[in-house]
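User: I've got a structure I'd like to talk through with you. Here it is.

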Amino acid sequence: MRIDFHASPEPTLGVEWELALVDRTTRDLRNDATALFEAATPRMAEPHKLHSELLRNTVEAVTGICRTTGEAVDDLRRTLADVVPAADSLGLDLYGGGTHPFASWSAQQLTEGHRYAELINRTQWWGRQMLIWGVHVHVGLPEKSRVMQVLTGLLTYYPHLQALSASSPIWAGVDTGYASNRALMFQQLPTAGLPFQFERWEEFESFAHDQLTTGVIDQLDEIRWDVRPAAHLGTLENRVCDGVSSFEDLSALVALCHCLVVDLDTRVAAGETLTTMPPWHVQENKWRAARYGLDAIVILDADSRERLVTEDLADLLVRLEPVAERLGCSAELAGVHGLVERGASYQRQRAVSAATGGDLVAVVDSVVAELRAGL
């Protein structure tokens with residue numbers, strides 16, 4: 001099976017931001033995406049940048065093809081500047097967390113469409129549990145032969161991205177003890193979770209052929225890996241990050257994703273052999289980052305060296321400074337330091353819960369307020 005990779009001559013950028021819809025008063029989820037589309041579309045210069053998702057409690061804001069982090073974030077800000085007033089008219093707020101702290105899965109409605117219905121029919125209870133939201137970052141790559149090497153190299157930095165973005169500590173009214181419950185929920189779906197580590201594009205083609213032949217998938221985008229090639233776009237799609245609650249956090253995470261992919265591709269193109277880790281280390285790092293967030297001690301290499309993730313991040317940011325300068329995102333990449341200093345979203349949510357005696361409505365209020373502050 002041949003899969004054409006429509007290579008990107010430049011390291012372009014695209015971002016997809018999933019957002020939940022919560023009631024202005026109760027702070028519970030509302031299945032009103034259709035009403036929001038109807039209210040928002042007349043306001044929007046580019047209505048195609050607001051998408052539906054699996055459940056009617058969710059919308060997704062997407063960018064066009066961008067060159068810089070600043071351009072991508074401004075694109076999303078323009079979209080939400082049109083969507084938020086429409087949501088206001090319906091008594092809705094946009095919520096940017098990886099999970100909702102107290103909503104019940106049984107009250108959520110499926111978006112119409114055969115593809116979504118078939119997903120739920122197949123996955124049953126686990127599919128219905130998917131009250132999760134994330135941010136996806138696409139980075140254009142110029143050469144098909146390097147895609148799988150870059151993907152495998154990026155897995156070394158999986159826990160850094162997961163820890164920084166973790167925003168799903170509370171599930172069904174209970175603090176799970178995890179920084180990202182979303183990460184472990186999502187991997188329950190068939191073909192979701194960590195990717196296989198292929199060295200060559202042809203191995204990916206062979207894998208996809210087997211998946212299609214045996215009926216595991218009906219089309220390529222049903223491969224739901226945390227990091228995956230988007231062949232039709234010519235990008236590597238990073239799906240590691242939890243939902244994001246502020247433009248400030250979003251800018252930092254997008255810049256880090258952009259710099260990492262471009263740095264790895266540049267090194268492969270220069271003939272360098274990237275540092276990679278065996279799958280068992282990658283899997284353990286995912287669990288540690290989901291469990292401990294920014295307090296995770298992560299495995300660095302195949303020699304099993306370990307380090308606190310924030311310490312490794314500090315050195316990583318220094319190494320990526322020249323890449324950020326080239327990509328025009330130096331200020332945004334430096335924003336990763338600020339994210340660590342103010343605490344990741346999971347830490348901020350727990351602080352609100354502790355300060356209010358476990359008031360989960362107050363937690364939702366705080367997440368909503370962070371998004372509004374950026375507008």
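User: Is Arg-182 buried or exposed?

Analyst: Quick caveats: this is a predicted model, where local features need pLDDT of at least 70, side-chain atom pairs count only at pLDDT 80 or more, and totals for chains, interfaces and linings use all residues. Residues are numbered from 1 along each chain as its sequence is written, and side-chain values use heavy atoms, with hydrogens and water left out. Buried means under 20% relative accessible area, exposed over 50% and partly exposed in between, with a 1.4 Å probe and protein chains only. Arg-182 has 5% relative accessibility, so the call is buried.

User: Which helix is Arg-182 found in, and what does it touch?

Analyst: Contact here means heavy atoms within 4.5 Å. Skipping residues up to four places away in sequence, Arg-182 touches Gly-98, Thr-99, Ile-132, Trp-133, Gly-134, Ser-168, Arg-239, Val-240, Cys-241 and Asp-242. Helices (H or I, at least four residues) and strands (E, at least two) are DSSP runs numbered from the N terminus, and the one holding Arg-182 is H6, residues 181-186.

User: How many residues of H5 are buried?

Analyst: The buried ones are Tyr-158, Pro-159, His-160, Leu-161, Gln-162, Ala-163, Leu-164 and Ser-165. H5 is therefore largely enclosed by the rest of the structure, with a count of 8 of the 8.

User: How are H5 and H10 oriented to each other?

Analyst: Axes are lines fitted to C-alpha atoms, for helices over the stretch in contact, with angles from 0 to 180 degrees between N-to-C directions. Those of H5 (residues 158-165) and H10 (residues 309-327) come within 10 Å and cross at roughly 110°. Under 35 degrees counts as roughly parallel, over 145 as roughly antiparallel, 65 to 115 as roughly perpendicular and the rest as oblique. So H5 and H10 are roughly perpendicular.

User: Which residues have the most contacts inside the largest nonpolar core?

Analyst: A nonpolar core is a set of buried Ala, Val, Leu, Ile, Met, Phe, Trp, Tyr and Cys residues joined through side-chain atoms within 4.5 Å. The largest has 95 residues, and its largest share, 14 residues, comes from helix H8 (residues 247-269). The ones with the most contacts inside this core are Trp-17, Leu-94 and Leu-256.

User: What percentage of the chain's contacts with a separation of 6 or more comes from residues 24 or more positions apart?

Analyst: For background, the chain has 13 helices and 11 strands. Of its 375 residues, 57% count as buried. Among the contacts you're asking about, the share from residues 24 or more positions apart is 77%.
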